[in-house]
Amino acid sequence: FSAERYRRRLEAGLEAVLHRPASFGSASFRLLPRPGFTVENAVIREAPAFGSEPFARIDRVECDLRWRSLWLRRLDFARLRLERPSFNIVRNARGEWNVENLLVETGVAGAKNLPAGTEGEIPFDIETEDARLNFKLGVTKKPFAIIDLRARLNFDPAHGRIRFRLAGNPIRTDLPHPPPGILEFEGEWRPSADMGGVVDAALRTRGALLYNWVPLLSGTNPEVYGVIDADARVQGSLRVIRV
């Protein structure tokens, strides 16, 4: 069985989920434990308003299909598992973020609370392993990044809700200091059309090294030593956050 005959449908399915042009190298099909495709060397293009550099480059994508996809023309994804992806989080000259734009296009932002089974309801999960987040202002890449990121995002457009769980190492690429320690972020966000909406999340770190945290935040090294455990509750909206 060759998955290549499904290449265009698979690209169209990925584009429908990610709302960005998608391309990839080789593709293979599996039936068990659930039907799906594995694609190698995927590239997710960026919306023109946020530059020409791709939104994401991904070594491998495991695409789990719902069983009904086997007899429907449309590929219906239940889960995407991304291995070693690199994402660019971009803020353009108008103050818009590419992630905000993506959420509006997926229908999660501003969605009304709909009963289960409503036409157009497509909840799905995105999981990542060994991911990297880069941050850009326009075409300028900032010296901040998050590496070794593990994440699970559950998108529920019908109810306008995103549940998330992330853990990764924040770094500065312009300093020789190693990461200060794993930062965990878990909770729920109900984004509105103007990207407000309720955020309720927990931020946690254990065994964080102050010697590395202070330069990360300030850009200078006053040689402050210590180890810190921290728990924070984050509530409000992206515009007004309470900690």
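The model is predicted, so local features need pLDDT of at least 70 and side-chain atom pairs count only at pLDDT 80 or more, while totals for chains, interfaces and linings use all residues. Residues are numbered from 1 along each chain as its sequence is written, and side-chain values use heavy atoms, with hydrogens and water left out.

Taken as a whole, the chain comes out at three helices and 12 strands, with helices (H or I, at least four residues) and strands (E, at least two) taken as DSSP runs and numbered from the N terminus. Its length is 243 residues, and 41% of them count as buried; buried here means under 20% relative accessible area, exposed means over 50%, and partly exposed is in between (1.4 Å probe, protein chains only). Of the contacts between residues at least 6 apart in sequence, 54% link residues at least 24 apart, a contact being heavy atoms within 4.5 Å.

On the strand side, β5 (residues 77–91) runs antiparallel to β4 (residues 56–65), and nine bridges join the two; pairing requires that DSSP finds at least two bridges between the strands. In this pairing, L65 sits opposite F77 of β5. β5 also pairs with β6 (residues 124–137), this time in the parallel sense and over 11 bridges. Here R91 faces L137 of β6.

Next comes N98, which belongs to helix α2 (residues 98–106). With a relative accessibility of 0%, N98 counts as buried. Its side chain gets to within 2.8 Å of the backbone oxygen of N88, a polar contact (N or O atoms within 3.5 Å; within protein, one able to donate a hydrogen and the other to accept it, with residues adjacent in sequence counting only if both atoms are side-chain atoms). Beyond its neighbours within four places in sequence, N98 touches R20, E46, F50, F55, N88, I89 and V90.

As for aromatics, searching the whole structure turns up four pairs. Rings of Phe, Tyr and Trp (its six-membered ring) pair if their centres lie within 6.5 Å; planes under 30 degrees apart are stacked, over 60 edge-to-face, and the rest tilted. Y211 and Y225 make a stacked pair, at 4.8 Å centre to centre and 20° between the planes. Because Y211 lies in helix α3 (residues 210–218) and Y225 in the loop between α3 and β11 (227–236), the pair ties together parts 14 residues apart in sequence. Y211 counts as partly exposed at 26% relative accessibility, whereas Y225, at 59%, counts as exposed.
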